[in-house]
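Welcome! Have a look at the structure first.

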Amino acid sequence: MSFQLRNSANRRRTLRLAGVIAAASLAVTLAGCSGSGGATTLDKKAKVTIEVWSGQVDAAQKAIEGLANEFEKEHPNVTIDLSPGASSTDQLLQKLSAGFAGNQYPDMSYAFGSWAGQLEASGRTLDITSEVAKPDVKWDDFTAAARGTAQPTGKKTIGFPAVVDNIGLLYNKTLFDKAGLAYPTADWTWDDFRTAAKALTDTANHVYGYGYSVSGSEETTWQFWPHLWQNGGDILSSDGKKAEFASPAGVDSLTFLRSMAVDDKSVYLDQTDTKFGQLFVSNRIGMITSGPWQLSDLKIGGTKYGVMPLPGTNGDHQTVSGPDIWALFDHKDKNRAYWATQFAQWLTSAEQDERFNVAVGNLPLRASEASSEAVAKESALFPGYDVFVANSKNVKETRPTTKGYAALSVAIGKAISSVLQGDGEPKSALEQAAKTADSEMNK
Amino acid sequence: MANTAAPAIRRPGSEPADKRRVRRTRGLKSALTGWSFVAPATIIILGLSIFPAVWAFILSLQSWDGFSEATFVGGANYAQLVSDADFWNAVGNTFGYTILFVPASVLLGLFLAVALNRRIRWMGFYRTAIFVPFVASAASTGILSTYLFSPQFGLVNNVLRVLHLPQQGWLDDPHQAMLVIAIMSLWGSAAFTTVIYLAALQDVPAELIEAARIDGANPWQTFWRIVWPQLAPVTVFVTIWQTIQAIQLFDLVYTTTRGGPLDATKTIVYFLYEKAFRSLQFGYGSAAAYVLFAATLLITIFVVVYSRRKGTEAF
Amino acid sequence: MSNSVLAEVVTSSEQIAAQPSAAPRKRGRRLSGWHFVLFPIALLFLIPFIQMALASFSPAKELVAFPPPFIPSHLTIDGYVQLFGQTDILLWLGNTILVSGTAIVSNLVLCSLAGYGFARLKFAGRNLGFLMILATIMIPTQLLMIPTYILFATLGLLNGLGAAIVPWLATAFGIFLMRQFFLSLPAELEEAGAIDGCNRWQIFFRIVLPLARPALATLAIFTLLGAWNDLVWPLIAINNQQSFTLQLGIANFQGAHQTNWSLIMAGNVVATLPLILFFLFAQRQFIATMTFSGLKG
């Protein structure tokens with residue numbers, strides 16, 4: 001009996017301890033909301049340290065480090081605490097979430113565009129709308145999609161565009177020559193595309209006409225949006241509350257992809273997001289729809305390739321863009337806010353952007369850069385780069401940046417993935433996904 | 001026939017006072033000794049874990065997207081889990097994998113440890129060779145899996161082709177993908193059980209084996225009757241540990257199939273990872289984590305009670 | 001405590017080797033049949049490392065292809081030149097050695113003490129304490145990253161090597177492992193010591209610990225592995241590039257879209273080699289250390 005007593009005493013003690021800790025952690029969680037305060041009036045000469053997470057690796061990271069040093073030299077009172085943060089989507093998300101929860105977030109961070117809605121809703125970002133309205137910022141020089149991502153709800157501007165891209169059609173000249181096919185042109189339709197894919201496919205030798213990711217991630221989803229938009233469909237209703245991709249336009253789009261994958265069997269279905277690019281480099285896939293980041297691997301691999309805008313529907317060759325942003329965060333310190341904004345603005349101005357984005361193979365942020373020497377140089381190094389730059393004009397719609405986009409993407413990604421692998425019909429799969437997306441978005 | 005032996009009931013005041021005092025002092029002394037041994041490690045481990053565990057539990061009662069304020073939803077996450085077909089699919093996948101993996105892992109480790117427990121030349125080389133895959137990260141093992149088991153380009157199907165055997169879907173086939181992951185997982189972690197058993201075999205007294213041999217037992221009998229019972233505590237450890245690892249399978253799935261094809265390899269932890277870091281539903285993911293925790297705790301308690309009841313002194 | 005009892009009870013491996021044993025040992029040049037079993041198995045297990053090593057000497061052109069050739073068309077040290085010349089790999093290596101070394105020493109001391117306590121000593125709260133320790137490994141770590149981050153932020157431990165070291169000072173794995181090992185040792189040894197008048201500490205240090213060499217070697221190996229290869233936590237907790245560990249540095253060769261395969265392969269070889277060498281050295285502890293000459297079984 002004494003043992004039981006001792007045990008229950010232990011238990012009570014442990015429970016009480018747990019209760020105390022629970023209360024403490026609740027307090028910490030709640031306390032984590034309020035940022036620490038700093039300078040309340042702007043003093044441009046005061047000593048300031050701003051923390052920047054670049055989200056870059058390798059050459060890009062070195063380029064930014066060089067630029068940060070330059071900025072520090074020009075403004076001696078500013079110290080930039082630059083670190084990579086993290087290099088992949090998942091890791092940067094963890095870092096930012098942990099940073100927010102632990103009140104350790106930076107002043108400026110690379111952020112993937114699909115989080116823009118969430119970031120704004122978090123209430124921790126700066127609103128630099130008044131800053132970017134100034135003429136010397138040349139805000140309208142950024143592409144529409146880039147501006148839209150930095151202004152997710154249109155109410156606030158939470159940062160500057162960081163990286164823009166778009167998807168084009170990459171074709172493997174070696175395989176086209178082998179099959180005796182004419183190269184794609186800028187006027188191609190999706191039927192031309194399908195025919196070519198079928199002709200390129202050689203099942204016995206494991207050669208495919210097209211490659212598509214069925215991992216269910218954003219890679220699966222965003223490749224679908226050009227089809228939807230070209231067919232006249234919409235992703236979301238104008239109030240952003242209802243998913244509208246289960247329309248006839250959506251069903252037609254998915255049916256087209258399905259016919260290629262299941263009927264023609266001309267599509268390599270990639271369970272990951274990276275293999276189809278590698279297979280294209282290795283001359284095993286004839287065509288892929290991808291972005292300028294493929295070019296450096298193609299160069300290393302020595303592949304013979306060409307780049308065209310996406311095939312079109314009724315002359316509409318619109319494509320999708322997935323801009324990422326430099327999100328600016330609020331630490332209730334006017335000096336930090338000022339200098340973080342200044343650095344982001346300086347970094348994304350035409351002159352610096354040529355030395356950063358263009359130099360590492362990303363597309364130029366600003367339309368004015370298209371005719372610059374830097375772009376010409378990059379196009380000489382990486383054939384097809386100029387086609388991607390020109391393709392920016394085909395970016396007409398912005399990928400949604402509402403809070404619920406992440407959940408919507410997962411829902412439709414799953415539907416696309418299943419249908420392409422032969423499990424389910426386009427109409428019912430899309431309708432089911434739309435229902436799931438609606439309930440998740442309006443939680 | 002009921003056993004009528006009554007349990008000894010100690011009535012307060014039935015002992016002489018000085019005997020009680022001695023008992024209490026001895027109890028205090030043994031408590032002090034005991035805690036002085038375990039306290040440093042225990043304080044560090046529990047100190048670093050209690051707050052995160054409680055925080056994660058509170059999170060499971062909330063809805064949080066990682067950036068904004070969390071909102072309290074009570075048991076809604078748990079209720080939603082019960083009717084989530086995706087979740088139960090993940091539970092089924094995890095269960096299937098665990099049943100495959102744990103016994104195979106223990107037996108493979110045992111076999112390899114016995115094979116490696118002899119003094120022949122190059123034994124250091126052999127032991128190290130078995131250890132090498134374990135050192136490789138999940139990313140490397142994942143990449144290797146795709147090289148080997150890619151249906152179109154992988155080595156295994158190439159070998160099958162040469163042998164005129166039918167090509168398999170492997171990692172692209174929903175019915176085979178989990179099997180492939182189990183095989184690669186076994187191969188990658190074989191060293192874990194092997195090394196532990198190898199160490200345990202060193203502590204089996206040589207006299208017992210000698211005695212058995214003198215008594216005329218063959219190697220098979222010697223092993224299963226004499227050596228195996230000596231390994232019981234370590235076997236319990238390895239079984240529990242590998243079960244916990246199997247239930248929490250994530251890394252290899254992430255680097256090979258991302259839960260596909262068609263969710264055939266989506267394990268519970270992959271499910272919660274997707275919910276938290278893809279769909280930005282941290283509260284929901286946390287609820288799944290705690291369901292997993294509860295299940296693991298129950299299984300562990302079951303194994304402990306079972307081994308205690310068998311009287312093997314193993315736990 | 002009399003040394004004679006000790007000498008009777010435990011015989012070291014050297015003495016075993018010196019004594020004539022009952023079973024004749026195989027002498028001469030006869031090749032054991034076990035080589036035919038073990039060699040193919042060893043080769044099978046070694047393939048990934050061979051592949052990784054070959055890939056680290058492959059030209060970048062062949063690494064972007066899928067599947068990459070097992071044997072490269074020609075060998076090149078470009079990956080290594082880039083690794084040692086343009087990255088901080090040696091700094092990362094130094095940091096990782098520091099973190100892992102501390103982890104090993106700390107675990108060997110703290111977990112053997114705790115493991116023995118939980119195995120052999122009876123005290124209030126023992127079972128509950130052990131169960132709680134076990135329970136800490138039952139929650140998937142993915143979700144514990146964020147609250148652990150908050151905890152470390154509060155303690156001011158973020159960003160330095162301390163963030164990488166502190167979680168590895170003691171592990172539930174270590175305690176559990178040592179406990180089970182101590183349970184498998186026959187209790188008679190310790191009882192003999194107690195009869196002779198030794199207290200718990202003496203029994204632990206003089207009788208039990210010397211017998212635990214294989215277990216300690218095992219603990220050292222797995223602690224090293226865990227601390228060395230830890231990636232997800234240091235990724236979140238450490239921003240300061242001077243405090244990067246190996247895995248963290250290598251992870252930064254891989255971006256959202258671009259991957260520098262030559263660097264990654266070379267980096268992986270550099271990261272894996274020390275572990276293999278450590279194991280080669282540590283597994284020599286796996287020799288029988290126990291035999292009773294003074295006790296009848």
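This is a predicted model: local features need pLDDT of at least 70, side-chain atom pairs count only at pLDDT 80 or more; totals for chains, interfaces and linings use all residues.

**Exercise 1.** How many Å separate the centres of domain 1 of chain C and domain 2 of chain C, taken over C-alpha atoms?

*Solution.* Residues are numbered from 1 along each chain as its sequence is written, and chains are lettered from A and ligands numbered from 1 in the order in which they are written.

Step 1: find the two parts. Domain 1 of chain C covers 53–86 + 253–287, and domain 2 covers 105–243; such bounds come from an automatic or database domain assignment.

Step 2: take the centres over C-alpha atoms, which gives 32 Å.

Step 3: look at where the domains touch. Six residues of domain 1 of chain C are in contact with eight residues of domain 2 of chain C (contact: C-beta atoms, placed from the backbone, lie within 7 Å). On the domain 1 side, five residues are nonpolar, one is polar and none is charged (Ala, Val, Leu, Ile, Met, Phe, Trp, Tyr, Cys and Pro count as nonpolar, Asp, Glu, Lys and Arg as charged, and the others, Gly among them, as polar).

**Exercise 2.** Which helix of chain B gives the largest share of the side that touches chain C?

*Solution.* Step 1: the contact joins 74 residues of chain B to 78 residues of chain C.

Step 1: several helices of chain B each supply at least two residues, including helix 1 (17–60) and helix 7 (177–202). Helices (H or I, at least four residues) and strands (E, at least two) are DSSP runs, numbered from the N terminus.

Step 2: the largest share, 20 residues, comes from helix 1 of chain B. By class, this side of chain B has 51 nonpolar, 17 polar and six charged residues.

**Exercise 3.** Why is helix 3 of chain C called oblique to helix 16 of chain C?

*Solution.* Step 1: helix 3 (residues 34–56) and helix 16 (residues 261–282) of chain C pack at an angle of about 130 degrees, with their axes 8 Å apart. Axes are lines fitted to C-alpha atoms, for helices over the stretch in contact, and angles run from 0 to 180 degrees between N-to-C directions.

Step 1: that angle makes helix 3 of chain C oblique to helix 16 of chain C, because angles under 35 degrees count as roughly parallel, over 145 as roughly antiparallel, 65 to 115 as roughly perpendicular and the rest as oblique.

Step 2: name the partners. Among them, C:Phe49 and C:Met52 belong to helix 3 of chain C, while C:Val269 and C:Thr272 belong to helix 16 of chain C. The residues of this contact divide into seven nonpolar, three polar and no charged.

**Exercise 4.** Which strands of the five-stranded open sheet in chain A are the edge strands?

*Solution.* Step 1: the order is 2-1-3-10-4, with mixed pairing (two strands pair if DSSP finds at least two bridges between them).

Step 1: strand 2 (78–83) and strand 4 (159–163) of chain A each pair on one side only, which marks them as the edge strands. The twist averages 25 degrees from one strand to the next.

Step 2: check one pair. Strand 1 (residues 48–53) and strand 2 of chain A pair in the parallel sense over six bridges, and A:Thr49 stands opposite A:Thr79 in strand 2 of chain A.

Methods:
Two residues are in contact if their C-beta atoms, placed from the backbone, lie within 7 Å.
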